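Good morning, and thank you for making time for this presentation. I shall ask you to look at the sequence and the structure first, and then I shall take you through them.

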2 protein chains.
Amino acid sequence: MKHGKPDRRVTRTKHLLREALMGLMSEQRYDTITVQDILDRADIGRSTFYSHYRDKEELLISGMDDILHSLILTLEHPDHCDHKQILSTEPLFQHAQEEFLLHKAIMGGQGINLMIHKIQRHLGQHVEEELKKWLHGDQMSDVPLSLLGHHVASVLLTLLRWWFDNNKPYSPARMDAIFQKLVMPGIRETMPPQDT
Amino acid sequence: MKHGKPDRRVTRTKHLLREALMGLMSEQRYDTITVQDILDRADIGRSTFYSHYRDKEELLISGMDDILHSLILTLEHPDHCDHKQILSTEPLFQHAQEEFLLHKAIMGGQGINLMIHKIQRHLGQHVEEELKKWLHGDQMSDVPLSLLGHHVASVLLTLLRWWFDNNKPYSPARMDAIFQKLVMPGIRETMPPQDT
DNA sequence: ATATTTCCGAACACAGTGTTCACTACTGAA
DNA sequence: TTCAGTAGTGAACACTGTGTTCGGAAATAT
């Protein structure tokens, strides 16, 4: 990632480990997974693992950071740029559908609160920015923006989790519609009545 | 709990253990707390612990169940029964304020997703019932009721957590107002337009 | 071919878990 | 007071999982 070429096998090993952990996480609770389990599945030696990561948690975080990035990225610059809404979440559900296993690892089963919180924080910040842009400066909300961001992110994650737990009963578009319906009226309600 | 009297010291020991765990949990992550830590703080012998609880998690759950009960109870039959809204959450914030440490143990810091999920599930069910009562049968929502319940519970927990993390900047009444503003318009939006 | 990097796995020390057991402390009834 | 019964104690133990170390194997580059 720095010189553009020299790391190939390094990343391979790391990828093996990450995928092993993801696979295991979609099957069982994170805290019941032992380092040995990961090693076995990835077919990697013990000392090799510890030469790459300090412990299990670091592996987790490193893997999740990737996902977090692609998530935020998906939200920030959606493929089809029709900005009917400030926050179009359809691409996000799309993305989640494509990388099912990966997302299931985060959301599914017992989840890992550490990660959920991290995602929620970033997502919340992003939403906050978005909102700030939306009500360009002078207009103020009843409620602290930070809380609004937090809230919106939380609803989004709740919907995502529900979607997974119920085997994706609706299309991404439908889920986005539900999201809009549930969240936007509430947001508007916290603003002083003023339409452009 | 069966003969109505004979347990006094039994419960005392259990209470000591629970409170020790709660105290520790408001200070550090659940999974970094060792049984020995609990023992030391409660000043209880090792074997005594294991004669009461199978493991750390059972202690956790037993303690949390109590909280869950009082939470639900508070929501179900609020002290001051002015039913202006279907879901008045003010008593809940009140309750949370009074038992600060206890709630902080659940919500604060890293939290324990196991518990949060359990609470969310119960709360969600309760809300679902409430909603079902509200739109008395014939009126139907756009969105599955189970999802609505889930959603409302999640928002409530998010607000609670935010409240704690920010050292309770608003009064319970204000928090309830925010809750109403954020959630109710969205709920109404999912109903076919029809006012009584 | 050789130097370098990466990986391996056995061995180890260590921390935490959950069990066992002989013992002590308290309680209430005869 | 004595005695039985119940609850609590703590040391010892086996066991599981963690993270480190190190000599050597294997792959890779030069």
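Lys168(A) sits in the loop that runs between helix 8 and helix 9 of chain A; helices (H or I, at least four residues) and strands (E, at least two) are DSSP runs, numbered from the N terminus. Before I continue, please note that this is a predicted model, in which local features need pLDDT of at least 70, side-chain atom pairs count only at pLDDT 80 or more, and totals for chains, interfaces and linings use all residues. Residues are numbered from 1 along each chain as its sequence is written, while chains are lettered from A and ligands numbered from 1 in the order in which they are written.

Lys168(A) is not a glycine, although its phi is positive, at about 50°. How exposed is Lys168(A)? Lys168(A) counts as partly exposed, because it has 15 C-beta neighbours inside 10 Å. The terms are these: a residue is buried if 20 or more other C-beta atoms lie within 10 Å of its own, exposed if 12 or fewer, and partly exposed in between, with C-beta atoms placed from the backbone.

Asn167(A) belongs to the loop between helix 8 (145–165) and helix 9 (172–189) of chain A. Asn167(A) is likewise not a glycine, yet has a positive phi of about 55°. Asn167(A) counts as exposed because it has 6 C-beta neighbours inside 10 Å.

Helix 8 of chain B itself has 21 residues, and its first and last C-alpha atoms are 30 Å apart, close to the 30 Å expected at 1.5 Å a residue; the expected span is 1.5 Å times one less than the number of residues. This helix is mostly covered, with 17 of its 21 residues buried.

Let me turn to the fold. Chain A contains 9 helices and 0 strands, and 32% of its 196 residues are buried. Of the contacts in chain A with a separation of 6 or more, 69% join residues 24 or more positions apart; two residues are in contact if their C-beta atoms, placed from the backbone, lie within 7 Å.

Helix 5 (residues 90–98) of chain A has Glu90(A), Leu92(A), Phe93(A), His95(A) and Ala96(A) buried. Against what do the buried residues of helix 5 of chain A pack? Their partners are helix 4, helix 6 (100–107), helix 8 and helix 9 of chain A.

Glu57(A) is placed in helix 4 (residues 56–76) of chain A. Glu57(A) is partly exposed because 13 other C-beta atoms lie within 10 Å.

The largest nonpolar core has 91 residues, such a core being a set of buried Ala, Val, Leu, Ile, Met, Phe, Trp, Tyr and Cys residues joined through C-beta atoms within 7 Å. Among those with the most contacts inside it are Leu21(A), Leu156(A), Leu21(B) and Leu156(B). Leaving aside residues up to four places away in sequence, Leu156(A) touches Thr89(A), Leu123(A) and Phe179(A).

**How the two chains meet**

In the contact between the chains, 21 residues of chain B touch 21 residues of chain A. On the chain B side, helix 7 (113–134), helix 8 (145–165) and helix 9 (172–189) each give two or more residues. That side divides into 9 nonpolar, 9 polar and 3 charged residues; here Ala, Val, Leu, Ile, Met, Phe, Trp, Tyr, Cys and Pro count as nonpolar, Asp, Glu, Lys and Arg as charged, and the others, Gly among them, as polar.

Chain B superposes on chain A by a rotation of 180° with 0.0 Å of shift along its axis, at an RMSD of 0.1 Å.

**The DNA strands**

Finally, DNA strand C is surrounded by 16 residues, the closest being Thr13(A), Gly45(A), Ser47(A), Thr48(A) and Asp55(B); a residue is near a strand if its C-beta atom, placed from the backbone, lies within 6 Å of it. The surface near DNA strand C comprises 4 nonpolar, 7 polar and 5 charged residues.

DNA strand D is surrounded by 17 residues, the closest being Ser47(A), Thr13(B), Gly45(B), Ser47(B) and Thr48(B). The surface near DNA strand D comprises 4 nonpolar, 7 polar and 6 charged residues.

Key:
Copies are superposed by least squares on the C-alpha atoms of residues with pLDDT of at least 70 in both.
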